[in-house]
Amino acid sequence: MSGRKETVLDLAKFVDKGVQVKLTGGRQVTGTLKGYDQLLNLVLDEAVEFLRDQDDPLKTTDQTRRLGLIVCRGTAVMLVSPTDGTDEIANPFIQPDGA
Amino acid sequence: MLPLSLLKTAQGHPMVRTFTFPRMPLHMLVELKNGETYNGHLVNCDTWMNIHLREVICTSKDGDRFWRMPECYIRGNTIKYLRVPDEVIDKVQEETKSRADRKPPGVGRGRGRAREDGPGGRQPKGAGRGLDDSARTTSGGRGRGGSGGKNTGGRGSGRGRG
C-alpha cells in the first residue's frame, strides 16, 4: 500500500515558509525551512529557539535564543508544523460540569 | 488485527468535508512520549507510524495550554499511544476479509525437490571418498599418472615435430 512513497508529509510545501519543529529532549525551534531530505533532516534559516522554564523543562517560555542557520537532525525531529495558523488558544474542549 | 492496519484503515476512512466547517468524523488523539497530546484528523500514516494530522489541537502535558495548528507531522517513534474512533474497527474487519479473499502465490518448489535428490547423490560420493582413503594410491595414482602422461605425451609430440 505504502509503495515507493516514503514520506507521510511532503515538506516541499513548507519550503521558504515558517515551520515549528519540536525536537526530542524538549527543544522547540522555529525558522524558515530551507531544505530537507527523506530522513527528515531539516535546514532552518533564521532559527529561533524557545527557551524553557528552568524549573519545568517541559514548559516553553517567551524567552528566545537566536540560532541563525541550523541543521536539525532527522532522528531528533519529533514534530513539524507550519507556524502560519499556529496559535495558542483557550481550552477548546468543552468540560462537562463537575468533571 | 494489526495496529498499523487499523491506522491504515483510519486513514482511508471517509472524511466528508463540507462547506465552511468540516465535519470531524475521524478525530484521532495522539499522545507523545513527552505527554503532549494532539487531536486532529488523520491524513496519512506510514509503516513507521509517522503521522500527518490536519486541524490539530495540541495540548500541553499538564493540560492547561492549548494550541491550534492547521497541520502537523509527528514522528512515529515519539508516539506513546493513539486513540482511534470506534467505528474504524468495523471497517478494518471488512478490509481483512477482502484481503483473505485474495489468492496467495503458489508454486516455486522446484528447488526443494532438487535438494531431496542431492543428498542421495552425495552419499555415494562420501562412500567413494572413504574408499579412496584405503585405496588412495590406485585412484590418486591414476589421476596423476593420466595427466602426467598427457603432458609428457604432448611435449614428446612437440619434440617430435621439432
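Where is the place of A:Leu39? Select A:Leu39 in the viewer and look at the strands on either side: the residue belongs to the loop between strand E2 (28-36) and strand E3 (42-52) of chain A. Keep in mind during the tour that this is a predicted model.

**Chain A as a whole**

Select chain A and show the cartoon. Chain A has zero helices and six strands, and from the N terminus on its elements read β-β-β-β-β-β. Buried residues account for 22% of the 99 residues of chain A. Take the contacts in chain A between residues at least 6 apart in sequence: 43% of them join residues at least 24 apart.

**Chain B as a whole**

Switch to chain B. Here there are four helices and five strands, and the order from the N terminus on is α-β-β-β-β-β-α-α-α. Of the 162 residues in chain B, 20% are buried. Among contacts in chain B between residues at least 6 apart in sequence, the share that joins residues at least 24 apart is 46%.

Select residues 37-45 and 51-59 of chain B. These are strands E2 and E3, which pair in the antiparallel sense over seven bridges. To see one pair of facing residues, pick B:Cys45, which stands opposite B:Ile51 in E3(B). The hairpin of E2(B) and E3(B) has five residues between the strands, and B:Met49 in this hairpin takes a positive phi near 70°.

B:Val56 has B:Met69 in E4(B) as its bridge partner. Six residues lie between E3(B) and E4(B) in their hairpin, and in the turn B:Gly63 has a positive phi of about 80°.

**Where the chains meet**

Show both chains. How many residues does the contact take from each chain? It takes 24 residues from chain B and 21 residues from chain A. On the side of chain B that touches chain A, E2, E3 and E4 of chain B each supply at least two residues. E4(B) gives the most, with nine residues. By type, this side of chain B divides into 11 nonpolar, six polar and seven charged residues.

Stay with E4(B) and select residues 87-89 of chain A. This is strand E6 of chain A, which runs antiparallel to E4(B) and is joined to it by three bridges. Across this pairing, A:Glu88 stands opposite B:Trp67 in E4(B).

**The nonpolar core**

The last stop is the largest nonpolar core, which has 35 residues. Which of them touch the most other members? Select A:Val21, A:Leu42, B:Cys72 and B:Ile74 to see them.

Finish on B:Cys72. Leaving out residues up to four places away in sequence, B:Cys72 touches A:Leu79, A:Val80 and A:Ser81 in chain A. In chain B, and with those neighbours again left out, B:Cys72 touches B:Tyr38, B:Leu53 and B:Val56.

Key. Residues are numbered from 1 along each chain as its sequence is written. Chains are lettered from A and ligands numbered from 1 in the order in which they are written. This is a predicted model: local features need pLDDT of at least 70, side-chain atom pairs count only at pLDDT 80 or more; totals for chains, interfaces and linings use all residues. Two strands pair if DSSP finds at least two bridges between them. Two residues are in contact if their C-beta atoms, placed from the backbone, lie within 7 Å. Ala, Val, Leu, Ile, Met, Phe, Trp, Tyr, Cys and Pro count as nonpolar, Asp, Glu, Lys and Arg as charged, and the others, Gly among them, as polar. A residue is buried if 20 or more other C-beta atoms lie within 10 Å of its own, exposed if 12 or fewer, and partly exposed in between; C-beta atoms are placed from the backbone. A nonpolar core is a set of buried Ala, Val, Leu, Ile, Met, Phe, Trp, Tyr and Cys residues joined through C-beta atoms within 7 Å.
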